[in-house]
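Here is a set of questions on how the labels for one model were reached. Each answer sets a value against its cut-off.

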Amino acid sequence: MNRKFTFLISCLLLLFIDSWAQNVIRGKITDGGNGQAIPGVSVIVKGTTAGTSTNQDGNFSLNIPEPNAILIFTAIGYS
């Protein structure tokens with residue numbers, strides 16, 4: 001399967017993981033092709049300076065300003 005497509009699907013699925021607790025989103029970014037964690041992915045709330053990056057295990061936690069915030073994921077080697 002196309003890496004771009006699988007990365008996008010993986011990111012979209014993470015938006016629903018633990019996103020209802022106190023405006024904090026936690027998730028794990030993985031490669032949709034092989035399931036391996038992707039460290040160093042930038043996660044930014046669109047239109048703000050709020051952001052973080054994934055740790056070695058692909059995990060992240062981010063306070064969001066509102067429940068309908070849009071997250072932007074950026075990783076080297078992925079588009």
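Q: What is the accessible surface of the protein chain, and how much of it belongs to carbon and sulfur atoms?
A: The accessible surface is about 5,200 Å². Carbon and sulfur atoms hold 55% of that. The areas come from the Shrake-Rupley method with a 1.4 Å probe; for residues, only the protein chains shown count as cover. This is a predicted model: local features need pLDDT of at least 70, side-chain atom pairs count only at pLDDT 80 or more, and totals for chains, interfaces and linings use all residues. Residues are numbered from 1 along each chain as its sequence is written, and side-chain values use heavy atoms, with hydrogens and water left out.

Q: Why is Ile72 called partly exposed?
A: Buried means under 20% relative accessible area, exposed means over 50%, and partly exposed lies in between. Ile72 has 38% relative accessibility, so Ile72 counts as partly exposed. Ile72 lies in strand β5, where a strand is a DSSP run of E, at least two residues, numbered from the N terminus.

Q: What makes β3 and β5 edge strands?
A: The open sheet has 3 strands in the order β3-β2-β5, with antiparallel pairing. β3 (51–53) and β5 (71–74) each pair on one side only.

Q: How do you know that β2 and β3 pair?
A: Two strands pair if DSSP finds at least two bridges between them. Strand β2 (residues 42–45) and β3 have 3 bridges. One of the bridge partners in β3 is Ser53, which faces Ser42 as its partner.

Note on methods:
Helices (H or I, at least four residues) and strands (E, at least two) are DSSP runs, numbered from the N terminus. Buried means under 20% relative accessible area, exposed over 50%, partly exposed in between (1.4 Å probe, protein chains only).
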